[in-house]
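Here's a quick briefing to read with the model open beside you. Start with the picture, then work through the topics in any order you like.

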Amino acid sequence: MTESIAAVKGIYIMNVSATVSSFNSPTSQSTPMILDTLPAPAIEGQSCPRKARLQIDLILLAIEALELGSSEAILAFAEELDLKGIIKDRVNLWRMRSTNPLRRAHIRRPLSITEAKALVVIACSISRRLTVVIRQLLMIYHQMSDKQIPLEQNLRLSNYLERFRAHFRSRMNSRRSGVLALDSDEKLNELAIDLLSKLLFCTGTSGTQRFWMSLFDGEVE
Amino acid sequence: MNIQRKYSLPNCTLLLEGLSDATRVTHFQELRPELSILVNAECYISGSRQPLVGGREFLESLVRVVSAYAQEFFSHVPHPQAHDLETEIVQLHKMDKNLHRLVVHSEESKSNGRSPIQIDLNTVQLFDLVEAVDQFFADSQTLPEISLKLQSVPRRYGNTSQALVKQAVPASVGATSLAAAAIAFGFLPVPEAPSPEVRTQSKVESQTNNSSINSTVSTAVTPTPTPNEQIAATPELTPSNTFTPVPNSTSAVNSTTTAVRDIEELLSTVSEITDPSQLRALNRQVYNQINPSWNDRSGLRQDLVYRVGVAADGAIVGYKAVDSGSNEAVEKTPLASLLYNPAQRGPVTNEPIAQFKVVFTREGVLQVSPWRGYSRTPDVVGEKITDPTIVKELSQKLYNSIDQNQNGTPSYTRDLKYRVAVNNNGIIADYEPLNQPAFDYFRETPLPKIFQTIYGSNVAAPNNKEPLAHFQVVFKPNGELEVSPWEGYR
């Protein structure tokens, strides 16, 4: 008896959620169900560590570089996934993302765990929709770097890299040490490819959970 | 009833065969009966001819390591379960930011002495492997007791402040610095290993280990402290008399365990040398101490792997075998005889220590690399010749001496890049491969031969006392040679 499980992403999402959702706390009634698939990290307080704020914003930045109009898509997904209560509007979204300490317009406001969960769920949902593009770009990247061909020679890949660099430079504070270290096109490309690879992992069956838990690596007791 | 389950992705197929538990199936006719007893597991990776095959122990190791590595892939924080070299059949090593080496030590390869299976995966292939594993985890009708259990990596003591930059810049430890990491002549770049603190914590805190797994693997080598004890052991603790005198070589086997504790205890009381440039220089010193003393290189039944603690002056202050095989065969290595002698040098008290991974391979090759790799690009140590006229002159001399010694048609298809240092007289004082092909094909270049002629050994220590001029030398597949001024590691 042979069974084949299709490689279609998302089939097992519900299945996974079922196993994780036992982490529900009694107070989570007001938060949307979809966020219950992500367990609360074992950290103090209800706000995200610096690293998590940075990573979430960067992964969204990579999505924006991948697809034009993604900032609208983020809001659209918030609507679709019933997360409007958390991500209310454009300004609200911008304020959350500005908790990234590297931002020019960095706001000293905490990013709550619930808000972070919502952003992660949305980022992963968008990445799943972009699975094909992400895979193709990474395959192109592997082929080109194997053959030592400059990445600029591929139009699609260089479009992504160029947009990512432009987004990064226009929004991040170049005086921050984390940004200072990324002073060349080459280094920003490296970061862009790293984020693209992470986006690929976000598309997976348990990608959302994996991305979420990794945000707190090295932070929990 | 024989059942097959297949998790199929473009680059990876995981095929499980097993049986259902008859007592549980009889209740009703299930459309998709539960596979509850695993008979055989096979994993096919595109581009690799041989499938990875094994039983339950293999599958459990595979899913545990792949899952941990995937988490590490996201966060760049070393995950304890991704690097349990002591117990895992399956291992995943980061070769560079987009290349991951899957190593499987099958029971078969152990018994008939064959080397483990190695498959290099690019990131997309790695993802497909992770996804196959995740689909298996999510399948509640196949070994339902094995499911995805994620947990964030606990905080390591100290150096968390550096985390940000490391996050933002994916570790620039590419093929280049990996080649630099393993001293000149090993054949395999040695993987980065996690810190000992994290490693031991995994035994205690991990959830992904289920009890059946623990029972199948031996965890005897590392003493397992409780998490609380570990948190208490901050580096600020003043050094105490935890360091026991160095064992002598006559009781090598028994003494290893003493050395084991020494290195771990030492590390909890003294600081660790992490400066990449210093590590690189020490790396060579360690190599050059061990290599000439390793006389009988035959008859190793496996690669012998040790964690070796080294003081800033290069003295070997402790070592520890990473598995029982290495522990038993320690007599076949010169390590015990090389341990520093406190009578001659004075005791190790509060000195910082560097850790290296030292591998004595079955093929008789010695490999030394920093235990945790390099945190950033190391620099060349030592005084440099900078006068442009002299450098130019030396560059021409170097070109000629290499060119004259070139012979044969290259079999490599990619550029071989080396750092080559020469002294004031144009004599080659040092060379080091900078990329993977350079590492693999160094014998096709005249460099080892030139070195051998000058120093009587192709692994002589570079003399860093005299000023040197450094160059990048590139051997091209078409036989061309390029010599350019050294601009640092990249």
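Helices here are DSSP runs of H or I at least four residues long, numbered from the N terminus. Keep in mind that this is a predicted model. With that numbering, Leu119(A) falls within helix α5 of chain A, which covers residues 113–129. We'll begin with chain A as a whole, then zoom in on a few spots.

**Chain A overall**
- Chain A has 10 helices and one strand.
- Going along the sequence, the order of elements is β-α-α-α-α-α-α-α-α-α-α.
- Chain A has 221 residues, and 57% of them count as buried.
- If you take the contacts in chain A with a separation of 6 or more, 71% come from residues 24 or more positions apart.

**Leu119(A) and its surroundings**
- Is Leu119(A) buried or exposed? Its relative accessibility is 2%, so Leu119(A) counts as buried, the cut-off being under 20%.
- Leaving aside residues up to four places away in sequence, Leu119(A) touches Ile56(A), Leu60(A), Ile87(A), Leu93(A), Met96(A) and Leu111(A).
- Take Ile87(A) from that list: 32 residues separate Ile87(A) from Leu119(A) in sequence, yet their C-alpha atoms are 8.4 Å apart in space.

**Ile87(A) and the nonpolar cores**
- Which residues touch the most other members of the largest nonpolar core? In this core of 115 residues, they are Ile87(A), Tyr160(A), Phe164(A), Phe168(A) and Phe136(B).
- Again not counting residues up to four places away in sequence, the partners of Ile87(A) are Leu75(A), Ala78(A), Asn92(A), Leu93(A), Met96(A), Ala118(A), Leu119(A) and Ile122(A).
- There's also a second, separate core of 28 residues, and Val286(B), Val308(B), Val310(B) and Val368(B) are among them.

**Where α3(A) meets α5(A)**
- Helix α3 of chain A (residues 70–80) packs against α5(A) at an angle of about 110°, and the two axes are 10 Å apart.
- Angles of 65 to 115 degrees count as roughly perpendicular, so that's how α3(A) and α5(A) sit relative to each other.
- On the α3(A) side, the residues involved are Ala73(A), Ile74(A), Phe77(A) and Ala78(A); they meet Ile122(A), Ser125(A), Ile126(A) and Arg129(A) from α5(A).
- Sorted by class, this contact of α3(A) with α5(A) involves six nonpolar residues, one polar and one charged.

**Two positive phi angles**
- Most residues other than glycine have a negative phi.
- Asp82(A) isn't a glycine, yet its phi is positive, near 65°.
- You'll find Asp82(A) in the loop between α3 and α4 (90–97) of chain A.
- With a relative accessible area of 58%, Asp82(A) is exposed.
- In chain B, His76(B) has a positive phi too, about 60°, and it is not a glycine either.
- His76(B) belongs to the loop between α2 (56–75) and β5 (90–96) of chain B.

**Gln71(B), a buried residue in chain B**
- Helix α2 of chain B is where Gln71(B) sits.
- Gln71(B) has 2% relative accessibility, so it counts as buried.
- What does Gln71(B) touch, not counting residues up to four places away in sequence? In chain A it contacts Arg210(A), Met213(A), Ser214(A) and Asp217(A). In chain B the contacts of Gln71(B) are His79(B), Leu150(B), Gln151(B), Ser152(B) and Val153(B).

How values were computed
Residues numbered from 1 in each chain as written. Chains lettered and ligands numbered in written order. Predicted model: local features only at pLDDT ≥ 70, side-chain atom pairs only at ≥ 80, totals over all residues. Heavy atoms only, no water. Buried < 20%, exposed > 50% of the residue type's maximum accessible area, 1.4 Å probe, protein only. Contact = heavy atoms within 4.5 Å. Axes fitted to C-alpha atoms, helices over the stretch in contact; angles between N-to-C directions. Parallel < 35°, antiparallel > 145°, perpendicular 65-115°, else oblique. Nonpolar A, V, L, I, M, F, W, Y, C, P; charged D, E, K, R; others polar. Core = buried A, V, L, I, M, F, W, Y, C linked by side-chain atoms within 4.5 Å.
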